[in-house]
Amino acid sequence: MADVTDTTAIATSTTRRRKRIKWETVGDHVVLILGALLMLVPVYMVFATSSHDAITVHREGLQFLFGDQFSENYNAALFEYGGFTDSVNGITMLTNSLILGLGFAIGKIIVGMMAAYAIVYFRLKFATFAFWIIFTTLLLPLEVRILPSYEVIQSMGLANTYTGLIVPLIASATATFFFRQFFRSVPEELIEAARIDGAGPFKFFIDILVPLSRTMIAAMFIIMFVFGWNQYLWPTLITTDESLFTLVRGIRQIIQAYADGSTTPEYGEAAALAIIAMVPPVLIVIFFQNWFVKGLTESDK
């Protein structure tokens, strides 16, 4: 009988231990939820504001509840021509932003991979020194080299062109650093096997290193695409043709209508354009998120 009682007591104690609330876990989740709300609530308010007319937003500020101008604002933001010359709409700016984002991402990945390949696999006398010179450019903000870059592009006649928008900023110390670290982790046995099979430098790079680097390429693509997509200062300097305006510039252009004091800015359309500008980067991150994590945390070889 005593054994049965002891068994029951042990079972009861185990059940209570299982039901005990882990306050540390609760605290962790509360912090995560508050952090998520801190980031998502402003986005929600912009989304709600994009459904209101300009007068309401001008008088009352950002809105928390949805209005009745949702379809009108998004239709105007995407398809209505505007600007100082009435020659650009949201679709045009969306296309320009996509070209800029893709150009930045692809260009930076190609240049970064080639630079890292040369530093790691070629017996260059000053390879390490060259790498650290490249790496130190991370300490310099974009604004430091923006005026010299503008002078060069202007003198070459590349202002108001996609080439002038993309090419001057595709050199990337970040991509070079990550690809260098990745290439250095490639096993020596693989290099020797490729050499025995008669693979030259170009074939080794294309047939072996590029497929091995697919997760790192995906990670870099996300970072560089978002960087290019959100560019504002450089496109503002290098383009005066409204047909080359990006979405980020377009939002500013709508708000700028208030400068002459004669009209109320279309705040609802600006908020709608801001929401539209968030969609492509979010989709890119969602699509590549698994590869992004692998590229930054695993060798995947």
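Phenylalanine 221 and phenylalanine 225 are both located in helix α12, four residues apart, or about one turn of the helix. An α-helix has 3.6 residues a turn, so residues three or four places apart point the same way. In this predicted model, phenylalanine 221 and phenylalanine 225 make a stacked aromatic pair, with 5.9 Å centre to centre and 20° between the planes. Both residues are buried: phenylalanine 221 has a relative accessible area of 14%, and phenylalanine 225 one of 1%.

The count of aromatic pairs, taken with ring centres within 6.5 Å, comes to 23. In one of them, the rings of tyrosine 121 and phenylalanine 204 have centres 5.5 Å apart and planes at 75°, so this pair is edge-to-face. Because tyrosine 121 lies in helix α5 and phenylalanine 204 in helix α11, the pair ties together parts that are 83 residues apart in sequence. Tyrosine 121 is partly exposed, at a relative accessible area of 22%, whereas phenylalanine 204 is buried, at 7%. Tyrosine 121 and phenylalanine 204 also belong to one aromatic cluster, whose members include Tyr117, Phe122, Phe179, Phe182, Phe183 and Phe205.

## Nonpolar cores

The largest nonpolar core has 41 residues. Within this core, the residues that touch the most other members are Phe179, Phe183, Phe204, Leu209, Met220, Phe221 and Leu247. At least two residues of the core come from each of α4 (70-79), α5 (90-121), α9 (173-184), α10 (188-196), α11 (201-212), α12 (214-229), α14 (247-255) and α15 (267-297). Apart from this core lies another, of eleven residues, including Leu100, Phe104, Leu169 and Trp234.

Setting aside residues up to four places away in sequence, phenylalanine 221 is in contact with Leu102, Ala105, Ile106, Ile109, Ile284 and Phe288.

## Glutamine 231, a buried loop residue

Glutamine 231 is placed in the loop between α12 and α13 (233-238). With a relative accessible area of 7%, glutamine 231 is classed as buried, because that value falls under the 20% limit.

Not counting residues up to four places away in sequence, glutamine 231 touches Leu100, Phe104, Leu142, Leu169, Thr246 and Val248.

Helix α2 (residues 23-49) contains 27 residues. From its first C-alpha to its last, α2 reaches 38 Å, close to the 39 Å expected at 1.5 Å a residue. The helix bends by about 30° at leucine 40, and proline 42 follows within four residues.

Tyrosine 44 is also in helix α2 and is partly exposed, with a relative accessible area of 30%. Which residues does tyrosine 44 touch, not counting residues up to four places away in sequence? They are Phe64 and Phe66. Tyrosine 44 and phenylalanine 64 are 20 residues apart along the chain, and their C-alpha atoms are separated by 7.7 Å.

Methods. Residues numbered from 1 in each chain as written. Predicted model: local features only at pLDDT ≥ 70, side-chain atom pairs only at ≥ 80, totals over all residues. Heavy atoms only, no water. Core = buried A, V, L, I, M, F, W, Y, C linked by side-chain atoms within 4.5 Å. Buried < 20%, exposed > 50% of the residue type's maximum accessible area, 1.4 Å probe, protein only. Contact = heavy atoms within 4.5 Å. Expected span 1.5 Å × (residues − 1). Bend = angle between axes of the 7 residues up to and from the residue. Phe/Tyr/Trp six-rings, centres within 6.5 Å; stacked < 30°, edge-to-face > 60°.
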